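The exercises below are meant to be worked through with the sequence and the structure in view. Try each task before reading its solution.

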Amino acid sequence: MFQRISVPRHDRVDVLHISEAYGGGVQSAMSRYMENSPKLSHQVLVRTRTQHDISEACSADLISFDGSLPGFLRAARSHIMQTKPNAVHLHSSFAGLLRLFDYGPDIKIIYTPHAYAFLRRDCSALARTAYRFAEVALSKRTQTIAAISPFEAASAARMAGRSTEVTYLPNVVAETTHSMRPVTDPRDRPEVVMAGRISAQKDPLFFAEAARASRSDVRWTWVGDGDADMREVLEQAGVSVTGWLPSELVKKHIAAADLYLHSAIWEGAPITLLEAAAVGTPILARGVESLVGLGYPLTGDCPRAAAADVDRFFADRTFSGNASAATTDSVEVHSPLAQSSALSALYRRAG
């Protein structure tokens, strides 16, 4: 059931990355981890999720598993025991189940939640309770939890056992210059964008309601696609939906926008926010607790409050200037240099 998809092979594996949710932001984040720790030998083991793939080339030896979740966990555990990498970096909740097993003192276990599953709002309260119970239990195991946001780090610390280390591993994007941002034709109407899968997590209904409530003469655009019913709600609210686009075109859409309004109801540390900041597009992010501490300008956690802030952004130069300045400052916090330093400490036993 294994398929080796790419690239260079190494006899020695310093860090084995494992993900059951390989795609989207997780895929991009993993690429940056490898890019910013180039002296180490990396290998990637994932369960196939072609619908989430963002077509970003993997620079490491990549092995794909096509099968059930239990089968993937069994195969991953077997691969760990056979290859004995110096460190195993588990990405997202289902891969985190591999913490159930003991791999011996010579293999360092690292876990990055990429947004805890108990934050989800597209499942029942009972399911969220079960996710939290599992995370609390697994967080007592010997490991390092590498959290991607201050909120995630604080959540991990509350659940951690005595043998658990918690550290902050900032997400970053590939180096970009502000020259990507085009000069807007003054005759054009300003544009507000959101990028991502049209899904419960990204909460397109929030974005649609904000578009309806806004009094500004602006264009509202959703870059991406997904759930057909939610897409229809967006379009009925006057939001233009681009459909799926290659990642470079997504970045160009974000760079061309006048404002990035992030509507997601739960998150880790969204890559699209980093991309917007990197190209100089001002950000207003929904004021949910998981985004607090990342340095982005926050708006209210209701569509009408978000719409009011969008209107203020286009009417009040002081307000828009402050949002732009805070967005620019966030780039320094999420720099490749900052991540490289964090990875050096995280993987120090692996080299």
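Predicted model: local features only at pLDDT ≥ 70, side-chain atom pairs only at ≥ 80, totals over all residues.

**Exercise 1.** Determine which residues of helix H8 (residues 247–256) are buried, and what covers them.

*Solution.* The first step is to identify the buried residues, which include Val250, Ile254 and Ala255 in H8. These residues lie on the same side of H8, because they cover an arc of only 135° around the axis. An α-helix has 3.6 residues a turn, so residues three or four places apart point the same way. The next step is to look at the cover, which includes strands E9 (191–195), E10 (219–223) and E12 (259–262), together with helix H9 (271–278).

**Exercise 2.** Work out how helix H10 (residues 303–315) is placed against helix H11 (residues 317–333).

*Solution.* Two packed helices are described by the angle between their axes and the distance between the axes. Here the axes of H10 and H11 come within 6 Å and cross at roughly 105°, which means that H10 is roughly perpendicular to H11. In the contact, Asp309, Arg312, Phe313 and Ala315 of H10 meet Arg317, Phe319, Ser320 and Ala323 of H11. Sorting the residues of this contact gives four nonpolar, one polar and three charged.

Definitions and conventions. Residues numbered from 1 in each chain as written. Heavy atoms only, no water. Buried < 20%, exposed > 50% of the residue type's maximum accessible area, 1.4 Å probe, protein only. Helix = DSSP H or I, 4+ residues; strand = E, 2+ residues; numbered from the N terminus. Arc of directions from axis to C-beta. Contact = heavy atoms within 4.5 Å. Axes fitted to C-alpha atoms, helices over the stretch in contact; angles between N-to-C directions. Parallel < 35°, antiparallel > 145°, perpendicular 65-115°, else oblique. Nonpolar A, V, L, I, M, F, W, Y, C, P; charged D, E, K, R; others polar.
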